[in-house]
Amino acid sequence: MPTVSLIHKNLQFYVEEGEILFDALDNQGEKLPHGCLAGSCGACRIEVTEGAQNLKAPSAVEQNTVESIKEHYESKNGKGSLENRVVRLACRARVFGDVSVKPLK
Ligand code: FES
């Protein structure tokens with residue numbers, strides 16, 4: 001059974017393989033920041049610090065939203081500030097193995 005570690009809280013959750021990350025944690029009482037829950041607002045953005053390969057590849061909708069998030073983030077924090085960092089949407093990402101994440105502020 002895969003685990004999701006919230007590194008900013010030092011918490012770890014077991015999740016069903018293939019579950020959406022946000023839903024899996026919400027079902028266990030841990031609510032991540034969120035908005036639309038449909039992949040378009042970006043409020044549930046997370047940084048995946050370990051195990052990014054264990055998430056299903058992003059859909060076109062998720063990819064477009066993540067690109068917008070990156071542009072906005074780098075305009076505020078400097079070009080390249082997200083280089084080599086993996087950004088995903090908790091409401092879209094399906095978990096197939098162990099991952100470590102934290103909300104991207
Ligand atoms: S909650 Fe809006 S994109 Fe995930």
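Two residues are in contact if their C-beta atoms, placed from the backbone, lie within 7 Å. Keep that in mind as you explore this predicted model. The chain has 2 helices and 5 strands, and their pattern along the sequence reads β-β-α-β-α-β-β.

**The chain as a whole**

- The radius of gyration of the chain is 13 Å, which agrees with the value near 13 Å for a compact globule of 105 residues.
- If you follow the C-alpha trace along its principal axes, the chain spans about 35 × 25 × 25 Å.
- Buried residues make up 27% of the 105 residues in the chain.

- The 5 strands form an open sheet in the order β2-β1-β5-β3-β4, and the pairing is mixed.
- β2 (11–14) and β4 (86–89) stand at the edges with a single partner strand each, so one side of each has no neighbour in the sheet.
- On average, neighbouring strands of this sheet are turned by 35 degrees against each other, direction ignored.

**Strand β1 and its two partners**

- Strand β1 covers residues 3–6 and pairs with β2 in the antiparallel sense, over 4 bridges.
- Two residue pairs let you trace this pairing: Thr-3 has Tyr-14 in β2 as its bridge partner, and Ser-5 stands opposite Gln-12 in β2.
- β1 and β2 form a hairpin with 4 residues between them, and Asn-10 in the turn has a positive phi of about 55 degrees.
- With β5, strand β1 pairs in the parallel sense, over 3 bridges.
- Ser-5 also stands opposite a residue of β5, namely Ser-100.

**Val-95, a buried loop residue**

- You will find Val-95 in the loop between β4 and β5 (99–103).
- Val-95 has 26 other C-beta atoms within 10 Å, and 20 or more make a residue buried, so Val-95 counts as buried.
- Leaving aside neighbours within four places in sequence, Val-95 is in contact with Pro-2, Val-4, Val-15, Glu-19, Leu-21, Ala-24, Asn-54 and Leu-55.
- Leu-37 is 58 residues from Val-95 along the chain, and the C-alpha atoms of the two are separated by 16 Å.

**Asn-27, an exposed loop residue**

- Asn-27 lies in the loop between α1 (21–26) and β3.
- Asn-27 has 12 other C-beta atoms within 10 Å, and a residue with 12 or fewer is exposed, so Asn-27 counts as exposed.
- From Asn-27 to His-8 there are 19 residues in sequence and 19 Å in space, C-alpha to C-alpha.

Key. Residues are numbered from 1 along each chain as its sequence is written. This is a predicted model: local features need pLDDT of at least 70, side-chain atom pairs count only at pLDDT 80 or more; totals for chains, interfaces and linings use all residues. Two strands pair if DSSP finds at least two bridges between them. Axes are lines fitted to C-alpha atoms, for helices over the stretch in contact, and angles run from 0 to 180 degrees between N-to-C directions. The radius of gyration is taken over C-alpha atoms; the globule rule is 2.2 Å times the number of residues to the power 0.38.
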